[in-house]
Amino acid sequence: MTDGQDPAWRERLSRRVFVNRLTFMGGGVVLLGSACKDEPKPKKPSPRLPEALVSSHRTFTDDEWATLTAAVDRVLPKDEGAAGALEAGVPEYVDRILQTQELRRMKDDFIPGLAALDRRAQRLFKVPFAHAADHQKDEVLTLFKDSPESSGEAKWYEILVVLTMEGFLGDPSYGGNRGEVGWKAVGFTLVGRNVKADPKSGYDGAKTLDALRCGGGKGC
Amino acid sequence: MAKPSVDVCIVGSGAGGAPMALTLGQAGFKVVVLEKGPWYTKDDFVHDEILSSRRNFFMPLPWDEPHLWKKDTANFQRTNEAWTANCVGGGTVHMSGFFYRLKPVDFRLKTLLGAVKGANVADWPIAYSDLAPYYDKAEEELGVSGNAVPHKFLEPRKKNYPLPPLGEHPVAFELEKAARSLGWQAIPTARGITSIPYQGRAACVYCTLCGSYGCEHDAKSSTLASLIPKALATKNVELRPRCMATQVLTDDKGLAKSVLYLDEDGVTQEQPARVVVVSATSVESARLLLASKSSRFANGLGNDSGQLGKNLVFSSFGQSRAIFRVSKQKAAHPWLEAQAPFVNRSLQDFYVMPDDRFGFKKGGTLGFMLAHPNPIYAGVKLAGKGKDGVFGASLKQKLAEYKDSRIVEFEIYGEFLPTDGTFVSLAENVKDKYGLPVAAISVQRHPTDLVMTKFLVERGEELLQSLDPQSVERIGVQGETTILQGGTCRFGADPATSFLDKNCRAHAVKNLYVVDGSFLPSSGGVPITLTIVANSFRVADALVAQLKHG
C-alpha cells in the first residue's frame with residue numbers, strides 16, 4: 001500500500017488526468033482527492049451558528065456543515081424552474097459518501113477547503129461564508145474557481161462541483177437526488193429501468209461500495 | 001505449496017482468456033483460469049452511475065493500482081488510464097460492444113504504406129483469410145447482432161451476422177440520407193448485444209445504460225455471459241476470481257512451469273501447468289512478463305529480442321457532437337423525440353485513402369451514437385472549471401438546455417502507428433497495493449495519426465452539420481482510446497523483431513502463449529475486441545493440436 005507514504009506524488013499529480021474523457025465507456029471520472037495540500041487543518045468546532053441546520057452529519061462539524069450547505073446551495077440554487085442542491089439532499093450525500101473507505105483521501109482534502117472558504121469570507125466580508133450575502137458567497141466561490149489550475153483552491157472547487165453533481169444526479173440510495181429531483185431537472189429517464197433506485201429494493205450504493213473492499217459478488 | 005498441476009493455466013478471463021478456456025475445456029484439457037477481479041453476477045449489475053462509472057467497481061483506484069502515464073516529454077503521472085474492467089469477463093463486461101472485424105488491408109500495413117519514417121509498421125504473419133473462420137466462430141459463440149451490407153471496404157464474409165440488427169433510433173436513417181448526399185455510405189454497426197433471445201440469454205431491453213455498465217439481462221455479449229458459462233459446463237475449467245498473478249516461473253530449461261499468484265486472502269499460491277497462457281491486456285500482460293525475471297531471462301520472460309513491451313498501440317481518438325434543441329427543432333425534425341438508444345451507423349469511406357494528398361493513407365472508422373446518458377458525467381462537464389466554469393443560475397440554465405437537447409455524436413477508431421516512443425516498461429520504484437511494480441506507459445504519437453484523426457473528425461462534422469443541428473462541438477482530435485490496446489508482444493516470423501510466433505507462442509518459451517491484444521502489430525481502424533476473441537479461438541485450436549500431439 002502506498003497510502004500516505006509518498007506525499008510528493010500526490011502534489012505532482014494533476015487531477016486533469018482523471019477529468020479526462022472516458023466517453024467510450026460513457027464517461028466515468030474517478031474521484032480523486034489530491035487538493036488542498038497546503039491548507040491548514042480546520043479549526044475546532046465552535047459554538048456559533050447554534051441554529052445549525054439540524055442533521056445527523058458525521059463527517060463535518062456544525063460549522064463545516066453550515067459552510068458546505070451554503071456552498072452547494074450557491075452551486076445549484078433553487079429556482080422556479082427546477083429544484084436545487086438542498087432539495088436534492090446534496091449535503092447529506094456529501095456527508096455520507098465521504099464516510100466511505102474509498103474516499104478517505106478526498107475527505108482529508110475536502111474538509112480543510114471548507115475552512116479556507118470561511119476564512120476567505122471572513123477576510124473579505126467579516127462574516128463566515130454561511131452568513132455572507134448571496135452575491136458575496138458567489139464572489140468567494142468565483143475566487144476559488146478561477147484560481148490557478150494547480151492551486152488547492154481550484155482543485156477544491158472542482159471536488160465541490162463533482163460532489164454536488166453526484167449528490168444531485170446520483171442514485172437516490174446514497175442519500176442525494178431525493179425524489180429524483182436531479183434526474184427530473186436534466187430529463188434523465190431510464191427506459192426499462194433497473195429498480196435499484198426504488199427504496200423498496202433495499203439497494204444501498206454506499207454499502208455496496210464499502211463491500212467492494214472484500215469483493216462483492218462471488219469469491220468474496 | 002504448489003497446487004496440483006493442470007494442463008493449462010490462463011491468466012485473465014476477458015476477450016482473450018475466455019475463448020481459450022472454452023476451446024481447451026471442450027477438448028478435454030484441464031484448465032485453471034486466474035482472474036484478478038471479482039466474479040460478479042447479473043444481480044451485481046445496477047444502474048448506479050456512482051458505483052459503476054465513478055468508483056472501483058470495474059476500474060482500480062489510481063492510488064491502489066496506478067498506471068504511470070507519460071506523453072512526449074511530460075513527467076510520469078499516476079492514472080487509471082489503460083485499465084479495462086478488473087472482473088470475471090474483463091473489459092467485455094463494461095464494453096459498448098462495437099463488434100467490427102478488421103479488414104484484409106489491416107493485415108498488411110507495411111505492404112500498404114511501405115516504410116514509414118518514425119513508425120514501426122509491419123505486416124502480420126497471418127492473412128485475413130486465416131482469421132475469417134474464427135471471426136465467424138466468435139460472432140456465433142458470443143452472439144453478435146448486425147447486418148452486413150455491401151460497401152467499398154466490406155471485409156469478405158461467408159454469411160450475415162448470427163442475430164438480426166438491434167432496433168435503431170430514427171436518426172440512423174437521417175445519417176444514411178445525409179451520408180448519401182455527401183457521396184458516402186453510413187453502414188450498420190454490428191453490436192455484441194443480443195437482439196433476440198440467444199443460447200439461453202435474454203434479448204436486450206434497450207435500457208439506455210449499456211457501455212460502462214454490466215448487463216443485468218445477460219444481453220451484452222461479454223465473455224461472462226457467453227463463453228465462460230460454456231467453458232465451466234465442460235467441467236474441465238476452474239475459474240478462480242480475485243487471484244492476482246504475480247509471476248510466471250520457469251524451469252531450468254527455460255520453459256514456463258507455473259504461475260505464482262496472490263489468492264483472495266493475499267496468500268501466495270503456485271499453480272503449475274504444462275502450458276501458460278497470459279491474457280491480461282497488452283499493458284498488464286507486458287507488466288507480468290517483464291516482472292517474470294529469471295537467470296535465463298534477466299529482462300523478462302521470453303524477452304530475448306528486447307521486444308517485450310514495445311510497439312504498444314491504442315486506437316486514435318477524435319470526437320465531435322451535434323446538439324439539437326428538441327423544443328425548437330422537433331417540428332422540423334420529428335425524429336428528435338424518439339427515445340431508442342442505438343444509432344449503430346458507421347462511416348468507413350476513409351478507411352484507406354487512394355493516395356496521400358491529405359497527409360495519410362490509412363484512416364479508420366467513424367462510429368455514430370447518441371451521447372451517453374450518464375447524468376453526473378454530463379453535469380460535471382456542463383459545470384466546467386476555471387474561468388470557463390459556471391455555477392448558480394448559469395449552471396441551472398445549462399442543465400435546463402441539456403434537458404431540452406438531443407446529442408448525436410461520433411467517435412473515431414483510427415490507425416495508431418506504432419513508434420519507438422510508445423511502450424510499456426516496469427516502474428521498479430512504484431508499487432501497487434500488492435507491493436508489485438506497476439506498469440509505466442510512455443506515449444509518443446506519430447504526427448500522421450493526428451493529421452488523419454483531424455481529417456476524419458472534419459468529415460464527421462460535415463455529416464453532422466448536414467443534419468441541421470443547433471450547433472456542432474468538437475471534443476478533440478488528438479486523443480487515444482486506451483481501453484483499446486494492442487502490441488507489447490507482437491507476433492511475427494522473425495524472433496529478432498517479434499515476441500510471439502504466428503500462433504501467439506513466445507519464440508523463446510515454447511509453452512508460453514499470449515492471447516489478448518498484445519499480439520497485434522498494428523491497431524487497425526476499428527475497435528479490436530472481436531479480433532481478440534477470434535484470434536484467441538484460432539490460437540486455441542493450434543494449442544489443442546499441439547497438446548494432442550505431445
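Which residues of β2(B) are buried on one side, and which on the other? In this predicted model, B:Val31 and B:Val33 are buried on one side of the strand, and B:Val32 and B:Leu34 are buried on the other, so that both faces of β2(B) are covered.

**Overall form of chain B**

Chain B contains 12 helices and 17 strands. Its C-alpha trace extends about 75 × 50 × 50 Å along the principal axes. Of the residues of chain B, 59% count as buried. Contacts between residues at least 6 apart in sequence join residues at least 24 apart in 72% of cases.

Strand β2 (31-34) of chain B has parallel neighbours. Four bridges join β1(B) to β2(B) in the parallel sense, with B:Val8 opposite B:Val31. Four bridges also join β2(B) to β6(B), again parallel, and here B:Leu34 has B:Arg240 as its bridge partner. Together with the helix α1(B), the strands β1(B) and β2(B) make a right-handed β-α-β unit.

Helix α1 (residues 17-26) of chain B is mostly covered, with nine of its 10 residues buried. The buried residues include B:Ala18, B:Met20, B:Ala21, B:Leu22 and B:Leu24. The buried residues of the helix pack against β1 (6-11), β2 (31-34), α6 (227-233), β6 (237-240), β9 (268-278) and α12 (529-548) of chain B. After the helix comes B:Gly28, with a positive phi near 95 degrees.

B:Ala21 illustrates this packing: leaving aside neighbours within four places in sequence, B:Ala21 is in contact with B:Ile10, B:Val31, B:Val33, B:Ala231 and B:Val237. B:Ala21 is also one of the residues with the most contacts inside the largest nonpolar core, which has 215 residues; B:Val8, B:Val31, B:Val276, B:Val277 and B:Ile441 are the others named. Helix α8 (residues 152-169) of chain A gives the most to this core, with 11 residues.

| Strand pair | Sense | Bridges | A bridged residue pair |
|---|---|---|---|
| β14(B) and β15(B) | antiparallel | six | B:Lys431 and B:Pro437 |

One sheet has four strands in the order β4-β3-β15-β14, with mixed pairing. Its edge strands are β4 (77-79) and β14 (423-431) of chain B, each pairing on one side only. The twist averages 40 degrees from one strand to the next.

The other sheet has six strands in the order β5-β11-β12-β13-β10-β16, with antiparallel pairing. Strands β5 (186-188) and β16 (471-488) of chain B each have a single partner strand, so one side of each is left without a neighbour in the sheet. Neighbouring strands of this sheet are turned by 30 degrees against each other on average, direction ignored.

Helix α11 (residues 447-465) of chain B lies across β10, β12 (364-370), β13 (405-414) and β16 of chain B. The helix runs at about 20 degrees to β10(B).

Notes: Residues numbered from 1 in each chain as written. Chains lettered and ligands numbered in written order. Predicted model: local features only at pLDDT ≥ 70, side-chain atom pairs only at ≥ 80, totals over all residues. Pairing = 2+ DSSP bridges. Helix = DSSP H or I, 4+ residues; strand = E, 2+ residues; numbered from the N terminus. Axes fitted to C-alpha atoms, helices over the stretch in contact; angles between N-to-C directions. Contact = placed C-beta atoms within 7 Å. Core = buried A, V, L, I, M, F, W, Y, C linked by C-beta atoms within 7 Å. Buried ≥ 20, exposed ≤ 12 C-beta atoms within 10 Å, placed from the backbone. Right-handed = clockwise from strand over helix to strand, strands pointing away.
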